[in-house]
Amino acid sequence: MKRLLLILNPCSGKKRANRALAEIVSIFNRGGYDVTVYTTAARGDATQVAASRCREFDCVVCAGGDGTFNEVVSGVYAAGSDTPIGYIPAGSTNDFASSMNLSCNLLQAARDIVEGEPRTLDLGSFNGRYFSYVASFGAFTRASYATSQSVKNALGHLAYVLGGIKELPSIRSRHVRFLLDHETVLEDDYIFGAISNSTSVAGILTLSPEIVDMNDGVFELLLVRKPQSLMELSDCVLALTTQDYHTPMLTFTSASHLEIDAPADMDWTLDGEQAKGQAHCVAENLHNAVKVIVNPATNPSAAE
């Protein structure tokens with residue numbers, strides 16, 4: 001019988017995974033897996049157990065939100081293991097799951113892991129920390145880590161939207177310089193920036209799946225300049241909502257290696273978790289870094 005390590009964050013989302021745990025384990029048992037369940041108690045637990053024990057198992061499954069998934073992926077990658085990773089999205093927003101077309105029905109997600117196959121994906125490194133789908137700064141990014149877990153549980157995705165609206169009066173631009181792939185320089189005053197490998201950021205900003213390949217060795221870089229008038233602000237909002245990035249307000253490009261000079265007090269968000277700012281940051285795409293299980297029958301992008 002194959003062995004499966006299930007890492008459960010009991011506080012994610014509205015604690016749906018807790019209530020469905022017995023059924024999830026049963027699905028894995030019927031699929032031929034002997035299941036070991038580990039319940040996290042603090043931030044970093046998932047990384048530690050994934051790193052120390054992933055080689056003992058045929059599969060490591062995360063049941064939680066994108067932050068917990070980030071920890072599991074970070075642990076498996078840091079261990080130098082190619083153990084496949086399954087994801088049961090039980091968080092409030094689940095950006096990574098949306099990008100991967102993973103089912104948000106917990107039992108269906110478990111069945112998809114049993115029936116699925118590993119798909120190789122890129123991972124991001126940001127000043128030594130890993131991220132699975134986004135490193136961002138500026139407007140609205142603070143809402144993902146500043147909103148309490150109890151509010152996220154009560155309001156779900158709406159909690160992020162409300163948190164972003166509360167930021168509007170305090171939005172300010174930051175002067176940031178990017179060096180892309182050791183040759184191209186971008187420098188300006190920006191109110192938002194995202195280094196992403198995803199079609200969804202904070203459940204608010206979306207990128208077209210036609211231009212995002214999660215295993216092409218490069219990030220998508222989206223930068224929003226500081227509006228100088230209400231008209232420019234309106235143009236910016238329209239461009240983001242219609243996914244039309246051909247506007248002077250936006251820069252949309254791709255790169256595999258980014259060196260960033262920014263104010264040291266400008267914090268970042270990595271997969272929804274806070275990362276303290278530094279004057280010089282380096283983001284690097286780690287190509288073919290991890291294997292995530294998807295079901296080709298329910299996930300068309302897996303067959304690409």
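**Exercise 1. Which residues line the second largest cavity, of about 30 Å³?**

Let us start with the ground rules. This is a predicted model, in which local features need pLDDT of at least 70 and side-chain atom pairs count only at pLDDT 80 or more, while totals for chains, interfaces and linings use all residues. Residues are numbered from 1 along each chain as its sequence is written, and side-chain values use heavy atoms, leaving out hydrogens and water.

Step 1. On a 1 Å grid over the protein atoms alone, a cavity is a set of points where a 1.4 Å probe fits but cannot get out. Grid points are joined across faces, edges and corners, and the volume is the space filled by probe spheres set on the points. By this rule there are 2 cavities of 30 Å³ or more.

Step 2. Lining residues have an atom within 4 Å of a point. For the second largest cavity they are Phe69, Val73, Phe96, Leu121, Asp122, Leu123, Ser132 and Val290.

Step 3. Now place them on the fold, with helices (H or I, at least four residues) and strands (E, at least two) taken as DSSP runs numbered from the N terminus. Both α3 (66-78) and β5 (117-126) supply at least two lining residues, and β5 has the largest share, with 3 residues.

Step 4. Sort by class: Ala, Val, Leu, Ile, Met, Phe, Trp, Tyr, Cys and Pro are nonpolar, Asp, Glu, Lys and Arg charged, and the others, Gly among them, polar. The lining has 6 nonpolar, 1 polar and 1 charged residues.

**Exercise 2. How do the axes of α2 and α3 cross?**

Step 1. Axes are lines fitted to C-alpha atoms, for helices over the stretch in contact, and angles run from 0 to 180 degrees between N-to-C directions. The axes of α2 (residues 45-53) and α3 come within 7 Å and cross at roughly 30°.

Step 2. That makes the two helices, α2 and α3, roughly parallel, the term for angles under 35 degrees.

Step 3. Contact means heavy atoms within 4.5 Å. Asp45, Ala46, Thr47, Ala50 and Ala51 of α2 meet Thr68, Glu71, Val72, Ser74, Gly75 and Val76 of α3. These contact residues divide into 5 nonpolar, 4 polar and 2 charged.

**Exercise 3. Describe the contact of α1 with α5 by class.**

Step 1. The axes of α1 (residues 16-30) and α5 (residues 106-115) come within 9 Å and cross at roughly 30°.

Step 2. Here the contact has 10 nonpolar, no polar and 3 charged residues.

Methods:
On a 1 Å grid over the protein atoms alone, a cavity is a set of points where a 1.4 Å probe fits but cannot get out, and a pocket is an open set with protein on both sides within 12 Å along at least five of seven lines; lining residues have an atom within 4 Å of a point. Angles under 35 degrees count as roughly parallel, over 145 as roughly antiparallel, 65 to 115 as roughly perpendicular and the rest as oblique.
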